[in-house]
Amino acid sequence: MSALDIPVRGGNITAVPTPDADRKPLTKKEIAADHPTWCPGCGDFSVLALYFKLIEKRKIWHEKITTVAGIGCSSRFPYFVQAHVVHYIHGRALPFASGVSLSRPDLHVFVFGGDGDAFSIGGNHLNHTARKNIKMTYVIMDNWVYGLTKKQTSPTSPIGFKSKTDVWGAVDHPINPMKQLISAGATFVARTTHTNPAHVLQMMEAAMDHDGFSVIECLSECVEFYEGAFDASNPRKGGSFNMVPPDHDVTDESAAYKLAGEPFPGHFGIFYKVNRPTKNANEAKINAGFQEKFKGLKDWEILKKNFERMK
């Protein structure tokens, strides 16, 4: 199969063509679109730069990658990437990306969002995409605040955080992203921070290579509305960047869940990784089975059979 062929729907879901040896990888100039409009110092700049580096390093061409996002500061990603992109509605990036993944198995599907888009309005979609194990990579840039709408409490804001919606300080218990992702059924769950670019790229590569629903929580500081939120995880500011212990068993769900429960800044790296049939592969088998039943029949003959069954 050539690199430009589109696999037949219901065919090999996991196979991605190997880049042609004589085709040069894309450069950052060829990948970048509009100039990013984030606030100076925003952690999202780092994630975008590393996404460009990932595309360059892995020789992914424009026609082989799709970038999807919802609404929020981080969800502006599609505007800044020169490829097939979709800026979808608030919290609904995952359903749209699921359709892309299931219908175009040859594409690398990346979804970008923030803590509000992922865990608030999009929380239900996140849970169901995780349990179905749809093949894609979801990068959640968590800044503990609603930044685009100018400082409201988000699902991950810590208790005591003062915002426009909680001027007295947040009192609701925050979501633990890693715990939720593990318990929901995501088959690859990792954590990183924008202040460690090498680690962000490493996690992106590992997530992209995983055959299933892979999610990365990336701490991404909002310097405008929550400056210093993640200083405790930044060695340059007196914090500590603790890697996941080398003896941690990434296939042990209980161990991963326990690791996710440690107080901030916790650990960084791959918490959980298992192999489980994807929805892509399961649906491909179902489709192949039905196609075999009607093999050799013309369209009108298939319709006739179906109508006869309805009598």
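**Rings and charges: a quick tour**

Okay, let's start with Arg-191, which sits over the face of Phe-268, 4.4 Å from the ring centre. By "over" I mean that CZ of Arg or NZ of Lys is within 6 Å of the ring centre and within 35 degrees of the ring normal. Lys-293 does this too, over the face of Phe-290 at 5.0 Å from the ring centre.

Quick caveat: this is a predicted model, where local features need pLDDT of at least 70, side-chain atom pairs count only at pLDDT 80 or more, and totals for chains, interfaces and linings use all residues. Residues are numbered from 1 along each chain as its sequence is written, and side-chain values use heavy atoms, with hydrogens and water left out.

Now, ring on ring. Phe, Tyr and Trp rings (for Trp, the six-membered one) pair if their centres lie within 6.5 Å; planes under 30 degrees apart are stacked, over 60 edge-to-face, the rest tilted. That gives 15 aromatic pairs. Take Trp-144 and Phe-230: their centres are 4.8 Å apart and the planes meet at 80°, so we call the pair edge-to-face. Trp-144 is in the loop between β4 (136-142) and α6 (177-184), and Phe-230, 86 residues away, is in the loop between β6 (213-219) and α8 (253-260). Helices (H or I, at least four residues) and strands (E, at least two) are DSSP runs, numbered from the N terminus.

Phe-230 also pairs with Phe-264, tilted, at 6.1 Å and 45°. Buried or partly exposed? Phe-230 is buried at 3% relative accessible area, while Phe-264 is partly exposed at 33%. Buried is under 20%, exposed over 50%, partly exposed in between (1.4 Å probe, protein chains only).
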